[in-house]
Amino acid sequence: MSLSTALSIAQSALLATSKQTSVVSRNVADASNPDYARRVAVVTSTAPGARSVEIQRAANDLLFRQNLSALSAWSGQSALYSGMDQLDLSVNGVDNASSASTAIGNLQQALQLYATTPSNQNLGASVIDAAKQVVSSLNDGTTAIQDFRTQTDGQIATAVDDLNSLLSQFQDANKAVIAGTRSGTDVSDALDQRDALLKKIAEYVPVSTFTRGDNDMVITTKDGTTLFETVPRSVTFTPSAGYTAGTPGNTIYIDNVPLSAGTGDNTSADGKLAGMLKLRDGVAATMQSQLDEIARGLITAFAETAPSQPNAAGLFTWSGAPAIPAAGTLVDGLAGSISVNAAFDPSAGGSATLLRDGGANGAAYVSNTGGGASYSDQPMAFDPSAGITVSSGVSDYAANTIGWFEGVRQQASTNADAKEALATRTAEALSNDTGVNVDQEMSLLLDLEHTYQASARMMKTVDDMLDALLGAVG
């Protein structure tokens with residue numbers, strides 16, 4: 001081996017080691033970045049003494065896809081559960097203090113006290129005050145639910161804008177990957193950026209991907225709707241200015257295909273967009289239906305009856321009074337329009353004695369039966385579309401609405417925890433396979449230091465030999 005060949009080998013070794021050291025240093029610097037994939041500097045010999053370094057990026061497509069799926073599932077379930085917490089506090093208050101069930105319980109107590117002393121009009125006035133609290137809980141609950149739906153609608157609009165922005169950024173990252181692949185340059189950073197954006201996109205909608213030539217990636221939703229192919233597909237949504245009971249929400253469209261909201265407490269649809277749709281049109285709408293059924297039950301339970309006369313609204317009235325709502329039939333928005341009949345309200349010129357004697361709708365309805373205080377305990381049928389199918393009294397039905405909501409919220413919480421755990425485990429598995437292990441990198445750095453020292457000693461030896469040769473010639 002000539003001295004020039006030895007010198008060339010030492011130089012190429014130093015250059016290769018320098019590149020390897022740079023890659024290891026970059027790995028250590030980005031070890032805490034969850035979107036960074038480990039780089040491996042692979043040294044290949046192309047001719048005697050010549051070395052080149054190819055930078056390879058660690059990847060595991062199977063684990064990455066599993067992580068994307070888990071992220072979508074967790075994001076959708078988390079949106080559903082956190083929204084339920086907010087909805088519960090808005091409608092029922094802390095420890096259900098402002099719930100219809102609590103207010104109806106207080107009304108029952110007031111009625112029972114009044115029944116023991118029907119001649120005590122102070123107790124009669126207390127019943128009217130308790131009835132007003134029931135009405136207030138139903139009216140305020142309706143307002144809170146529809147405000148929540150409107151707020152959720154705005155959040156959906158913001159999320160759709162964010163998703164469109166992410167898809168636009170993905171297009172830029174995808175172009176960088178394609179361009180780098182075609183030119184033969186290192187595209188590791190562009191791939192990191194593209195995968196990071198894909199994770200964020202998966203939080204909004206469930207995604208599936210496949211890669212074409214030149215590393216060009218196509219994104220579809222889980223049901224096959226194209227989300228990105230060369231250019232982003234449009235995600236559109238028109239928010240509503242406000243909601244009333246029974247008003248359906250607008251649909252989210254991906255490439256003109258409607259996005260499903262999913263079903264069940266363990267929601268079958270993934271991504272926060274589906275979770276928010278489920279909240280707006282599922283949970284909140286069902287709660288509204290239950291309040292409307294409570295209102296209908298109260299109006300029916302306290303209705304005045306008379307021989308050969310149609311039943312008419314009694315203590316509780318509504319916009320359709322004096323008629324009462326049809327039995328077992330949901331009336332959208334009834335909880336928002338229910339009120340205390342002015343004929344019973346002393347502060348409005350009425351008389352609480354009508355509770356005892358009847359007659360709010362005329363002389364034909366006067367009926368002093370005495371002691372019939374348990375109006376709300378009369379069994380009646382409720383519309384099953386409100387989510388509760390039992391036949392019970394109004395007070396029991398109101399209590400069942402609390403139980404129903406707590407049940408679905410607890411189930412949503414359990415499912416959110418399970419899906420979070422799955423997302424965490426898949427992320428850990430992906431990180432273990434493609435992430436940076438600092439201990440391994442430091443060990444490799446130490447090996448590279450020894451390699452560098454060996455190459456430096458070779459160059460020193462060649463230099464000494466050249467000096468000796470030149471000295472001998474001189």
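Reader: At roughly what angle do the axes of helix α2 and helix α6 cross?

Author: Two packed helices are described by the angle between their axes and the distance between the axes. Here α2 (residues 61-92) and α6 (residues 272-301) have axes that come within 8 Å and cross at roughly 30°. The axes are lines fitted to C-alpha atoms, for helices over the stretch in contact, and angles run from 0 to 180 degrees between N-to-C directions. This is a predicted model, where local features need pLDDT of at least 70 and side-chain atom pairs count only at pLDDT 80 or more, while totals for chains, interfaces and linings use all residues. Residues are numbered from 1 along each chain as its sequence is written, and side-chain values use heavy atoms, with hydrogens and water left out.

Reader: Is the crossing of α2 and α6 left-handed or right-handed?

Author: A crossing is left-handed if the near helix is turned anticlockwise from the far one by less than a right angle, and right-handed if clockwise. In this model α2 passes α6 in a right-handed crossing.

Reader: Which residues of α2 and α6 meet?

Author: Contact means heavy atoms within 4.5 Å. On the α2 side you'll find, among them, G76, A79, L80 and G83. On the α6 side, look for residues including G275, L279, V283 and A284.

Reader: How many helices and strands are in the protein chain?

Author: There are 10 helices and 13 strands. Helices (H or I, at least four residues) and strands (E, at least two) are DSSP runs, numbered from the N terminus.

Reader: In what order do the four strands of the open sheet stand?

Author: Two strands pair if DSSP finds at least two bridges between them. The order in this sheet is β3-β4-β5-β6, and the pairing is antiparallel. At its edges stand β3 (207-211) and β6 (231-232), each with a single partner strand, so one side of each has no neighbour in the sheet.

Reader: Which strands form the open sheet of three?

Author: That one runs β7-β8-β9, again with antiparallel pairing. Its edge strands are β7 (235-236) and β9 (257-258), each pairing on one side only. Two bridges join β7 to β8 (residues 253-254), and T236 stands opposite Y253 in β8.

Reader: What is the phi of D255?

Author: Most residues other than glycine have a negative phi, and most peptide bonds are trans. D255 has a positive phi of about 55° although it is not a glycine. You'll find D255 in the loop between β8 and β9. D255 counts as partly exposed because its relative accessibility is 31%; the cut-offs are buried under 20% relative accessible area, exposed over 50%, and partly exposed in between (1.4 Å probe, protein chains only).

Reader: How many residues lie between β10 and β11 in their hairpin?

Author: Two residues lie between them, and S308 in the turn has a positive phi of about 60°. The two strands, β10 (304-306) and β11 (309-312), pair in the antiparallel sense over two bridges. A306 stands opposite Q309 in β11. At 75% relative accessibility, S308 counts as exposed.

Reader: Where is the cis peptide bond that involves P322?

Author: Go to the bond from A321 to P322, with omega near 10°. P322 sits in the loop between β12 (316-317) and α7 (334-337).

Reader: Does S188 count as buried or exposed?

Author: S188 counts as buried, because its relative accessibility is 2%. S188 is in helix α5 (residues 188-204). Its side chain makes a polar contact with the side chain of D186 at 2.8 Å. A polar contact is a pair of N or O atoms within 3.5 Å; within protein, one must be able to donate a hydrogen and the other to accept it, and residues adjacent in sequence count only if both atoms are side-chain atoms. Leaving aside neighbours within four places in sequence, S188 is in contact with R39, I55 and R57.

Reader: How far apart are V436 and N27 in sequence and in space?

Author: They are 409 residues apart in sequence and 6.3 Å apart in space, C-alpha to C-alpha. V436 lies in the loop between α9 (394-434) and α10 (438-473), and V436 is buried, with a relative accessible area of 17%.
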